[in-house]
Each structure stands twice: as C-alpha cells, then as structure tokens.
Amino acid sequence: ATISGALRKVIDRGELHLAYQPRLALQPSRITGVEALLRWTSEEHGEIPPSEFIPLAEESGQILEIGEWVLREACLTLHRWRQHGLANLNIAVNMSVLQLLRGNFPEVVQRILADTGVPASALELELTESVLMANAAQTAGKLQAFREIGVSLAIDDFGTGYSSLAYLKRLPITTIKIDKEFIGDLSRDPDDAAITSTVITMAHSLGLNVVAEGVETQAQLQFLRAQGCDEIQGFWLSRPLDAHACLAFIRQWG
Ligand code: G
Ligand code: G
Ligand code: MN
Ligand code: NA
C-alpha cells in the first residue's frame, strides 16, 4: 500500500508510539515536564517522520483520531509517572489546527483528562505559530475554551512564522517556545542572539513563560540563562526518549 494507505490502519495495527523529550527549568534548575512526540514505525515502510505523515493525516482528516490517540497515550504515561513519585511533572502535546477548529475538542480533552486522572494544570497544548496566526480571528475564541478548562497553551516554533504583536497580546496563551532555528546559531549569529533576547524580554513583559528549543551546547544554555529564559529543551539535556528511558532519565536527574 501507499504511505497514505498504510496510515489508515496505523492505530489498529498499533504502529504508533510516543517519544518524550524532557524540559528543564533554569532557575532553579529542575525537570518540569516532557514534550510528547509522535512516532510511526510502519511494518511496510519503516520509520516515517511526523513531518511526512502528519500532513497526510491532516489532508485525510485522520489527524483527529490520531490526535486523540496521542493525547490519551501521553496522559496515561504522565499519570503513571506522577504516581511513581514524579507528582509535579507536566506534559506538552502538539496539536494540529484541525483539532482546534473541530467544535468539541475542549470536551474531548476534558474527557481524556478525567479518564486518565491527569489534572488540567499538568497539560500544555502546543500550536505552531504559523497556524495560529493564519487563523488568528477564528482561533482566539477557541483557545479561550481551553484556558477555561485550565490547560496551558503554547505557541510552538515561535519566530518562524510571522506574529502580529497585537495578536500575541490578545491570544490567551501561556507559553512561547522559541524555534530551534534561532538557538542553533546563537553563538555565531549576533542577529539570532538579539532576536532571542528580545523575544524573552517581550514574552516576559506580556506575562508569558519562555521555552528555548533545540539547545545543544553549554554556550547556548549559558546565554539563555543570562537572558532569563525560563526553560530549555534540546539535545544538551536529552534527545526524545521512549517512556521507560525517559522516566529513568528524570529520576536520575534528581
Ligand atoms: O520530533 P520530530 O522532529 O520528529 O517532530 C517533527 C514535527 O512533528 C514537530 O514540528 C512536531 O511539532 C510535530 N509533531 C510531533 N508529534 C506530533 C503530534 O502528536 N501531533 C502533531 N500535530 N504534530 C506533532
Ligand atoms: O516543532 P517541534 O518543536 O514540536 O519539534 C520538535 C523537534 O525538534 C523534534 O523533532 C525533536 O526531535 C527535535 N529536536 C529536539 N531537540 C533538538 C535539538 O537539540 N536539536 C535539533 N536539531 N533538533 C531537536
Ligand atoms: Mn512542539
Ligand atoms: Na518547535
């Protein structure tokens, strides 16, 4: 079958799983949570990256079913970890705009939280900047429903799309995730350093939490700490890990 054909049976065949990437707060230094990242190992086609199959699932509408599977699986894992001594751990889940625009998604989220025993305050939903801004008028109202449930909302890949600052103020978001494109060149490119420190300052003045993605080196970490960045993610801390390895990693971090 084609990749699209194989995708149609992906849940029934149990070919999806999640990887988890830890997220570190800088002051004081502690692991605050993980981001759940979807993985597909197709029996027929091998590993297929999400950048390839998520657009297909969005085209077919199957992203709704897959997104629900991701959210449930992520919450089940988090609940297990919270019961095993990591009671304050949070989870961030990537969300497609199609899920957001679907009318009843807040209820779906609420049901999954109730079913799995995860408090709303432990869940953050990530939406990409480009998608949020392209649908800003439509999405602002939808986002409010999630805030009313008590989940946090992050703008992912910040800096790669275009953001109207007016919308940043108006959207009921809680977190900005600075795209790894800016972090990667921090030490070499003064423009990237200027953009990053400006985004941090601006986000803080709007009362938002700032996460830097794609942190790979000690030098990047030191720059971000000096600029008052709240949290980091990236290979410097850890690659995305399977659930078992991620739990062990968080435990040994202390
Ligand atoms: O981890 P990785 O580089 O493979 O992720 C690639 C992209 O896929 C990222 O932009 C990430 O936001 C997206 N992605 C990962 N998991 C999910 C998911 O569960 N749902 C959606 N909609 N996107 C995801
Ligand atoms: O778009 P989103 O932020 O959801 O996607 C996260 C993606 O970034 C994942 O594919 C993940 O594997 C990747 N990633 C996480 N940390 C690093 C890093 O330090 N360097 C690079 N190059 N990629 C990273
Ligand atoms: Mn993300
Ligand atoms: Na990102």
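Leaving aside its neighbours within four places in sequence, which residues is Glu129 in contact with?

Author: This is a predicted model, in which local features need pLDDT of at least 70 and side-chain atom pairs count only at pLDDT 80 or more, while totals for chains, interfaces and linings use all residues. Residues are numbered from 1 along each chain as its sequence is written, and chains are lettered from A and ligands numbered from 1 in the order in which they are written.

Once its neighbours within four places in sequence are set aside, Glu129 is in contact with Ile155, Asp156, Asp157, Phe158, Thr160, Gly161 and Ser163, where contact means that the C-beta atoms of two residues, placed from the backbone, lie within 7 Å. Glu129 itself belongs to helix α6, which spans residues 129–134; helices (H or I, at least four residues) and strands (E, at least two) are DSSP runs, numbered from the N terminus. Glu129 is buried, because 20 other C-beta atoms lie within 10 Å, and a residue is called buried if 20 or more other C-beta atoms lie within 10 Å of its own, exposed if 12 or fewer, and partly exposed in between, with C-beta atoms placed from the backbone. The C-alpha atom of Glu129 is also separated by 9.4 Å from that of Lys177, although the two residues are 48 residues apart along the chain.

Among the contacts of Glu129 is Asp157, a residue of strand β6 (residues 152–158). With 18 other C-beta atoms within 10 Å, Asp157 is partly exposed, and its phi is near 55 degrees, a positive value in a residue other than glycine.

Asp156 is one of the residues around ligand 1, together with Leu37, Leu38, Pro49, Pro50, Ser51, Ile54, Val70, Asn94, Met95, Ser96 and Pro240; a residue counts as near a molecule or strand if its C-beta atom, placed from the backbone, lies within 6 Å of it. The elements giving two or more residues to this shell are β2 (29–42) and α2 (50–60), and α2 gives the most, with three residues. By class, the shell around ligand 1 holds eight nonpolar, three polar and one charged residue, where Ala, Val, Leu, Ile, Met, Phe, Trp, Tyr, Cys and Pro count as nonpolar, Asp, Glu, Lys and Arg as charged, and the others, Gly among them, as polar.
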